[in-house]
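Take a look at the fold before reading on.

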Amino acid sequence: MADETNTTPEAPESTQAPEVHEFKAEMKQLLHLIIHSLYTHEEIFLRELISNASDALNKIRFRMLTDRDVVDADAEQRIDIKLDKNENTLVLTDTGVGMTKDDLLRRIGTVASSGTLEFVQELKKQDGPVDASMIGQFGVGFYSAFMVADTITVDTRHADKDSQGLRWTSDGGGSYTIEETDRTERGTTITLHLKEDKGEFAEEWRVKSIIRKYSNFVDFPVHVDGELVNTVDALWHKSKSDITDEQLTEFYKFVSNDTDEPLGHLQLSLEGVVSFKALLFIPRKAPRDMFQEDYKYGVHLYSSKVFIQDDAKNLLPDWCRFVKGVVDTEDLPLNVSREVTQNSPVLAKIRKILTGKILGLLEEWAEGEPEKFATFSKEFGPLFKSGIQFEFEHRDQMIDLFRFESSIKDKGEWTGFGAYADRMPSDQDKIYYVLADGREAALRNPNMEYFTANDMEVLLMTEPVDAFIMPGIPKYKDFDLVSIESSDLKLDKKKKGGLKKGETKKLVERFKDVLGDRVEDVRSSDRLVDSAVTLVTGTAGMDAQMERVMKMMDESFEGSKKVLEVNTAHPLIKNLSALRDVPGQEERIKEAIEQLYEGALLLEGSLDNPADFVRRMMAFMEQSTKPAPEEGAE
Ligand code: ADP
Ligand code: MG
């Protein structure tokens, strides 16, 4: 159905000679790559232009809530696309906020250089056709139009009453021009002179199908040659039964810019202390830039269907920063400012409810959809765990959802405290864990030997975040959580075959003499089976893994002293004990003790200088490779 109220303005007349501006070097590089690399999904340029138009419309709508003294205050807020097959052009007009000269110089002529550089690097990394769909994530969306156009003209007039009509033109080479025009209408018109072989983007059917695919849910009507193409309905206002899975997926792709389906979603409609509707999604993969400082939060805040903000941080706790979607509430005033949303009690209430609901969804997955929950743990587990520091209300619920590897499970299999507690024998009352760099390091830890020998399960905490959170979680339900490296492990099953009491005492004294105040104490060990010695955490100390993490953050961090445990059933230790009675062996015993101590440091990753260790090892090897005296020699 053709629409008479077509808002595409006539091309304005230039009223000034064009000023020529050079692009910066990195922009030239970006443009070169955009124009000359091969792309797949090049049609996303349209998504980017429509999203910019929609941003501009949101800005003017927001401003007009309090200030109607703008150019064309009564103009309909919409996007119009005109196609011309003969001219091979695509012209996109919005009645948005428009641009000032400064905007053209700073926002169109230059792009945030971090985004440009990042994008250029990403492009260089790939070989073969580059998937253009990621372009919008780098804040260089406008330039994607150079994939299909050889000249781009931007005609614009800003909403301020005293603004000037302006035209920006570039062929994507080294420069662009800006000139003044007599444009009177508020908003922006972008004219793409399509490349010869990109005529498809002047075809109605093609352009309409691109809009339905990528831009169906923009908040403003999009017309192509006068015909409305998108669904302007707010999906989150519909009832669950009226929304299809396809619509959900489509909407998710729209709000997230993801090309994949979401892992799951949550639709809420609540009335009570606060009233709001929400449609939230958990992605299948962690967003690439999730931990970057300028990461954009993905929940869009609406107030009675009017868009307020697209990166509302305080709608959800930080550990939910991967959640995408929409929250719409009637309890916020329409003209709410960003500052107000930051400390709004309404948002605080919504946040509390949403946090509970998201945890509820995760619990359902953990119970009934283990594969989904495993994907969640793999992609978001570390972020989720780190959230415990700030979460008081939902603490126990979160701890129950933490997942780790286990000494009795295969690599890559997850388990939690609850499942461990269910599995443990009735006479065990502690949950044991080890902090380590990885599964292999954890299993190699000498302190594991007792547990392996006695078939006792140990949780393998191998994510860096584990070292941070565990000191804050001393108990799960009634069970103490105990590191297998702590010095006061009370182990029941004593082992046999060790040195006699008196000999042990003398040998331990000898170790103490040699090591002095480098260790907190030396003791006979109950936990070692195959290893001769091990270092365990002292009374006031931190786990080895935790210390390593601290050192990574603070070079001057001094670890606390350790306790050295000695396995008196080990042949090497027995040899040392026997050697004590042989005269003249003082030095050798001392060297052996030094070597054992440094070997233990090396295993836990804290031997700073290996020079002495290697020197001693050479000396011992020299000894052990001496040919035996020939037998039968007279
Ligand atoms: P991003 O949208 O991530 O900022 P883009 O390259 O898509 O990056 O756009 C750059 C900037 O140009 C926008 O932030 C905006 O300031 C300006 N801009 C682009 N298109 C329009 C438009 N139609 N109306 C007003 N401003 C626009
Ligand atoms: Mg953009």
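## Overall build

This is a predicted model, and its protein holds 19 helices and 24 strands.

How does the radius of gyration of the protein compare with that of a compact globule of 634 residues? The globule would come in near 26 Å, but the protein has 34 Å. Boxed along its principal axes, the protein's C-alpha atoms take up roughly 115 × 60 × 40 Å.

## Domains

| Domain | Residues |
|---|---|
| domain 1 | 19-228 |
| domain 2 | 235-373 |
| domain 3 | 501-624 |

Domain 1 and domain 2 have their C-alpha centres 28 Å apart. In the contact between them, domain 1 puts in 18 residues and domain 2 also puts in 18 residues.

## Packing and contacts

Now for the inside. Of the protein's 634 residues, 51% count as buried, taking buried to be under 20% relative accessible area. If you look at contacts in the protein with a separation of 6 or more, 73% of them link residues 24 or more positions apart in the chain.

## Surface and charge

On the charge side, the protein carries 81 positive and 117 negative charges.

Terms used: Residues numbered from 1 in each chain as written. Chains lettered and ligands numbered in written order. Predicted model: local features only at pLDDT ≥ 70, side-chain atom pairs only at ≥ 80, totals over all residues. Heavy atoms only, no water. Helix = DSSP H or I, 4+ residues; strand = E, 2+ residues; numbered from the N terminus. Rg over C-alpha atoms; globule rule 2.2 N^0.38 Å. Buried < 20%, exposed > 50% of the residue type's maximum accessible area, 1.4 Å probe, protein only. Contact = heavy atoms within 4.5 Å. Lys, Arg positive; Asp, Glu negative; His and termini not counted. Charge placed at Lys NZ, Arg CZ, Asp CG, Glu CD. Domains from an automatic or database assignment.
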